[in-house]
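Hi there,

Here is the structure I promised to pass on to you.

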Amino acid sequence: MYAHREITDAKQVLDLVRYAHSIRNPEISGVGEYLASDLAEGRRLFGVTAADRLVACWLLHPFRMRLRRSLVSMGGIGLVGSRPDVRGQGSVRFLLEKSLETMREAGHAVSVLYPFSQSFYRKYGWELFTQSRRYELALGGIQIPDDGSTSLDAIELSYPDEASKAFYNAYAAEHYTFAQRGDPEWRKALHLWPDHIARGAVKIVDGETVVGLLGYTLYRRPDKEAATLNVHLFAHSSEEAKRAMLRYLKRQSHQNPTAELHVPMDEVLWPYLADSPTQHRIHDEAMIRVVDLECLDRLELDAPDTQLDVEVADPQAPWNAGVWSLRVRDGRLGVARGSKALLRCGIGALSSVLSGFASCGELIAARRIEALPGYDGADLPKVTTLLADGF
Ligand SMILES: CC(C)(COP(=O)(O)OP(=O)(O)OC[C@H]1O[C@@H](n2cnc3c(N)ncnc32)[C@H](O)[C@@H]1OP(=O)(O)O)[C@@H](O)C(=O)NCCC(=O)NCCS
């Protein structure tokens with residue numbers, strides 16, 4: 001009944017996108033231009049049709065993302081939506097199955113998305129894999145030890161220069177589950193939407209050398225008088241660079257008494273604050289799914305030698321189903337077909353464990369992974385995960 005095809009003209013999906021993503025009329029032409037530039041810059045748009053009528057669509061964002069210690073090909077899924085008159089009739093279930101075939105053909109090892117509902121995507125094999133700390137705090141209350149003769153400077157850039165871009169990619173290759181950024185990714189990260197006043201990066205430099213990068217958005221909601229400073233990237237290569245970033249933020253306090261900071265789960269801020277933040281919450285972010293387990297063969301990871309023998313269920317991507325032997329030897333994962341399983345789970349639970357977000361032990365306790373007779377507690381260490389790109 002349904003067919004899946006690539007769409008090269010962004011205008012074809014605009015009516016569907018307008019309704020499904022509640023885009024106000026003055027903003028729809030900007031969304032159309034944005035989508036057209038997405039396609040020109042290598043993202044790919046797909047549609048589901050029924051009797052030649054477009055009923056659902058999605059957008060594929062190709063990334064090179066750090067997973068454990070390797071850079072892997074990741075397919076980011078965005079813009080999922082269906083026509084209101086076909087809801088509940090299976091077009092998006094079909095779309096997600098086709099997205100897996102499409103991403104596999106494109107060589108993506110894993111897929112990431114930002115869910116409107118975790119339970120919706122969990123059914124199709126995606127599982128939670130990033131969380132961040134979100135603070136709202138008084139910038140005047142930042143307290144930083146006196147660095148005396150620090151030579152670091154903070155320079156605001158509306159668009160990162162070559163040195164800042166190189167710093168970012170070197171940092172992203174070594175930290176969290178960050179993705180590499182070229183100009184298309186930077187343009188997307190700094191695109192000005194109607195609520196935005198300014199977006200950019202602040203580079204922290206030691207002479208010519210970039211040692212830190214802060215990404216910000218200054219925005220104002222139509223119903224608010226005051227603007228809000230949002231810091232969505234807080235990348236530093238040393239304690240001195242971190243202090244320079246905090247010092248820069250403190251100096252913004254006359255214009256912006258409070259700011260929002262989104263930082264990785266392992267970023268420690270409280271010793272630099274005079275008082276508790278107005279708000280401090282943990283925010284669930286992206287979900288991950290292995291697209292093709294075999295693509296993770298030779299993944300580098302910080303883990304002692306071990307072996308997970310897992311029977312995987314994957315109704316949407318049958319090439320992942322069956323018994324696998326996942327062996328870590330000398331910091332590398334070996335992925336091979338196995339014969340006897342000691343663990344049993346869906347692809348989502350395994351995806352979360354492979355990403356480093358969850359451990360087998362946690363998911364066995366929560367009955368998301370079943371331990372079979374003979375399982376001896378083999379596990380992978382957890383790591384802090386975070387992706388800085390939204391899509
Ligand atoms: C979310 C959305 C994409 C679902 O589309 P849809 O056309 O209803 O999807 P499907 O018909 O393929 O249904 C997918 C699953 O959701 C279930 N479902 C659909 N509508 C539902 C509802 N209102 N309540 C509960 N479950 C529902 C279906 O039963 C199906 O589950 P199954 O595979 O177990 O049978 C659609 O509602 C939409 O476009 N929403 C606005 C945009 C949006 O939120 N996009 C997601 C961005 S991350």
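Searching the whole structure turns up 2 cavities of 30 Å³ or more. A cavity here is a set of points, on a 1 Å grid over the protein atoms alone, where a 1.4 Å probe fits but cannot get out. Its volume is the space filled by probe spheres set on the points, with grid points joined across faces, edges and corners.

Before the details: this is a predicted model, where local features need pLDDT of at least 70 and side-chain atom pairs count only at pLDDT 80 or more, while totals for chains, interfaces and linings use all residues. Residues are numbered from 1 along each chain as its sequence is written, and side-chain values use heavy atoms, leaving out hydrogens and water.

The largest cavity holds about 40 Å³ of space. Its lining residues (those with an atom within 4 Å of a point) are Arg181, Trp186, Ala189, Leu190, Gly200, Gly215, His232 and Leu233. Two or more of them come from each of α6 (183-189) and β11 (228-236); helices (H or I, at least four residues) and strands (E, at least two) are DSSP runs, numbered from the N terminus. By type, this lining has 4 nonpolar, 3 polar and 1 charged residues. Ala, Val, Leu, Ile, Met, Phe, Trp, Tyr, Cys and Pro count as nonpolar, Asp, Glu, Lys and Arg as charged, and the others, Gly among them, as polar.

The second largest cavity has a volume of about 30 Å³. Leu67, Val110, Ile288, Val290, Leu296, Ser351, Leu354 and Ser355 line it, and α8 gives the most, with 3 residues. This lining splits into 6 nonpolar, 2 polar and no charged residues.

Best wishes

Note on methods: 1 Å grid on protein atoms, 1.4 Å probe; cavity = no way out; pocket = protein on both sides within 12 Å on 5 of 7 lines; lining within 4 Å.
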